[in-house]
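Biologist: I would like to go through this model with you, element by element. Shall we begin?

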Amino acid sequence: MKLLVFSWKQPSMAKSQTSVGSEEPSSSRPWESYHTVYTSAKAGMEGVDKEKVQRIVYEMSKGSKYFENEEKKEAYMKQKIENMRAQYSKLTPQDISHHQKMADKRILELEATRDLSRIWLHVDMDAFYAAVETLCNPSLKGKPMAVGSMSMISTASYEARKFGVRAAMPGFIARKLCPELLFVPVDFQKYTHYSDLTRKVFQNYDPNFLAASLDEAYLDITTVCEERGITGGEVAEELRQSVHLETGLTCSAGVAPNRLLAKVCSDINKPNGQFVLPNDRSAIMTFISSLPIRKIGGIGKVTERILNDVFGITTCEDMLQKSSFICALFSRSSADFFLSVGLGLGGTDTPQYKMRKSISNERTFSATEDEALLFQKLVDLSEMLSADMIKEGLFGRTLTLKLKTISFEVRTRAVTLPSYICSSEEILKHASKLLKAEFPVSLRLMGLRMSHFSDDKNGIPADPTQKTLSDFILSGDASGGKMSDYRPLVFDVCDNTFSVNLNCCPTYSAETSCDLRDSSMENQTSDSTFSCRILGNINEELNGTVVPQSSEPGAKVHEPTNTDHKMKSEKIDSYTGQLEACHRDSWKNGFSCVADEAGSISDQKQFFVWVDDYKCSICSIELPPSFTEERQEHSDFHLAERLQGEESGNNHRSFVRQQRAAQKGHTGSSGRQKKKQKSSPTASKYVPIDAFFVKSNQNF
């Protein structure tokens with residue numbers, strides 16, 4: 001079979017990728033222990049001298065804050081690998097036999113889900129940003145160029161990639177690798193325009209195509225092939241020609257039975273090529289047998305090192321051969337993912353449409369502590385976020401500020417507002433308060449994200465999978481009965497549903513993430529295994545800011561002083577000590593732990609972590625580490641839920657207190673004396689929501 005000739009030097013590539021991580025470096029070659037290498041799995045970089053690139057990156061990074069951050073990540077990685085090796089060595093023959101039976105059973109179950117009836121096409125634009133700039137300026141053609149600056153590169157042309165230059169690489173390192181490198185500033189408005197042109201072409205083949213980014217998309221071309229009586233390869237060829245005619249740009253395509261394999265195939269014959277994998281199981285298994293694991297979306301350099309250094313896994317076929325150990329040392333969801341990779345299984349159904357959970361933008365810049373400059377960055381971000389929200393007709397309540405310090409520590413602060421907003425003025429007003437709480441600080445990245453959107457989005461219905469209190473009440477109380485006088489409830493602290501005066505001040509909350517991974521320095525399949533989060537209430541703990549309990553508009557807010565910042569720093573240090581202890585005991589949670597304040601959603605024991613860096617501990621949704629934007633949106637979604645829970649909890653307690661006071665007053669006026677009941681010390685203060693509506697539905 002012609003396609004199986006493809007092997008594309010995979011075994012040698014796998015060997016070169018893992019040799020650095022598995023060999024002990026000599027004292028005269030310290031760069032061999034430095035694992036930040038940019039040549040692993042990028043098209044157009046097959047002939048690059050990897051050792052030379054690694055040496056230059058090491059020499060240019062040594063002594064920097066980034067280098068220190070990489071050393072911290074390396075220390076955590078080594079500890080995690082040692083922990084897994086220790087567990088690996090403790091497996092007895094009986095354990096291995098038991099887990100092998102479990103693995104064999106799970107493989108059969110996964111194999112039964114194989115669907116060869118669909119034809120998926122993954123299209124990926126070739127060096128998109130660089131290609132657009134070359135199209136607009138033909139003098140750049142054939143020259144090594146990069147879109148970005150000396151601080152960071154967004155995309156590199158194929159001519160530059162031959163020198164080891166690639167996306168997510170600092171420009172000063174790229175210039176060292178390629179002295180003739182030309183820099184072109186980023187122009188997202190231009191890239192969005194050309195992206196829209198490509199999507200018009202995609203809609204002709206699949207109206208429900210999935211856009212993965214500005215420059216790539218997944219298309220289900222099954223219907224097109226059946227209606228027109230043509231093959232997937234012919235559709236891919238026609239689509240690529242249409243894109244070129246419409247935009248003047250080239251793209252590469254991959255055709256396969258599922259999305260996972262289609263993405264791998266689109267990278268084989270880059271640039272301006274395509275590869276077709278038939279809908280045949282034997283062809284799939286042959287194709288996957290020698291495929292390096294790093295080629296799979298969701299497996300980054302961290303997961304690659306763990307699989308290689310602990311289990312000796314370098315190819316997808318090795319996943320099945322080491323299936324017993326995978327089932328023994330990984331969670332069910334992670335093991336299923338790895339076994340699915342070994343079987344060449346991926347998504348085949350078209351995901352159902354879901355309402356957007358958040359919208360965001362962020363920018364990286366040269367590290368600065370100039371407050372005026374940082375506020376100007378915030379103004380720009382507020383205007384961009386507002387423009388994006390207005391374009392999509394969105395109004396949100398939860399605003400999140402993301403910051404990355406000069407030491408690569410990632411911090412996020414969030415505020416839930418009493419009303420839905422979308423104007424740049426409102427966004428800037430609340431974002432400024434969040435930023436002021438961090439001063440003094442030196443930053444290199446800033447971002448804004450809005451979530452917790454209004455259900456009424458220009459008449460578009462809300463996400464049907466999102467459960468709300470309104471749904472609960474409409475469906476009936478706990479006894480199953482319908483409520484005659486239905487009144488919708490909204491998570492708005494200014495709602496007068498309970499006929500009591502509620503606090504209308506926004507609730508500020510902070511999340512400090514010791515992010516041991518610089519997302520901007522990895523490729524799209526990078527791992528985010530390590531994340532430490534400290535959640536707390538800014539009003540009470542971190543910020544020292546006192547939000548007035550009165551709803552009067554003239555209430556003043558205390559601004560943080562130097563003493564406040566000192567107290568905040570001491571408390572963060574205290575939390576950090578608790579986290580370090582948590583890290584040593586919880587490698588399975590990706591070294592993630594959460595310290596929450598009393599009275600919050602921690603009462604429900606629902607802490608948001610990525611179990612095994614793959615599965616949400618709250619709702620069990622599974623998102624690979626490479627889905628960075630989706631994971632951020634999911635994190636914001638639960639953060640919004642957390643804040644809503646705190647608000648609704650406060651509202652309920654206020655209502656119960658008023659109701660009890662009213663009952664007490666009524667009893668006194670009647671003149672009847674009742675014996676005072678002694679409350680049980682073990683009684684819970686928490687009243688289940690269903691019990692509340694059963695007992696008080698007549699109040700609506």
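Biologist: Which residues of helix 5 are buried?

Modeller: In helix 5, which spans residues 128-136, the buried ones are F128, Y129, A130, V132, E133 and T134. Buried means under 20% relative accessible area, with exposed over 50% and partly exposed in between (1.4 Å probe, protein chains only). Helices (H or I, at least four residues) and strands (E, at least two) are DSSP runs, numbered from the N terminus.

Biologist: Before we go on, what should I know about the model and the numbering?

Modeller: It is a predicted model, in which local features need pLDDT of at least 70 and side-chain atom pairs count only at pLDDT 80 or more, while totals for chains, interfaces and linings use all residues. Residues are numbered from 1 along each chain as its sequence is written, and side-chain values use heavy atoms, with hydrogens and water left out.

Biologist: Back to helix 5. What do its buried residues pack against?

Modeller: They pack against strand 1 (120-125), strand 2 (145-148), strand 3 (153-156), strand 4 (182-184) and helix 8 (188-203). Contact here means heavy atoms within 4.5 Å.

Biologist: How does strand 2 pair with strand 4, parallel or antiparallel?

Modeller: Strand 2 runs parallel to strand 4, and three bridges link them; V147 has V184 in strand 4 as its bridge partner. Two strands pair if DSSP finds at least two bridges between them.

Biologist: And strand 3?

Modeller: Strand 2 and strand 3 are antiparallel, again with three bridges, and A146 is bridged to A156 in strand 3. A hairpin of four residues connects strand 2 to strand 3.

Biologist: Changing topic: in what order do the strands of the open sheet lie?

Modeller: The order is 5-6-1-7-8, five strands with mixed pairing. Strand 5 (210-213) and strand 8 (274-276) are at the edges with a single partner strand each, so one side of each has no neighbour in the sheet. On average, neighbouring strands of this sheet are turned by 15 degrees against each other, direction ignored.

Biologist: How many bridges join strand 5 to strand 6?

Modeller: Three, in the antiparallel sense, with strand 6 covering residues 216-220. A211 has A217 in strand 6 as its bridge partner.

Biologist: At what angle do helix 12 and helix 16 pack?

Modeller: The angle is about 110 degrees, with the axes 8 Å apart. Axes are lines fitted to C-alpha atoms, for helices over the stretch in contact, and angles run from 0 to 180 degrees between N-to-C directions. Helix 12 is therefore roughly perpendicular to helix 16, a class that covers 65 to 115 degrees, whereas under 35 is roughly parallel, over 145 roughly antiparallel and the rest oblique. I284, M285 and I288 in helix 12 meet V341, G342 and L343 in helix 16.
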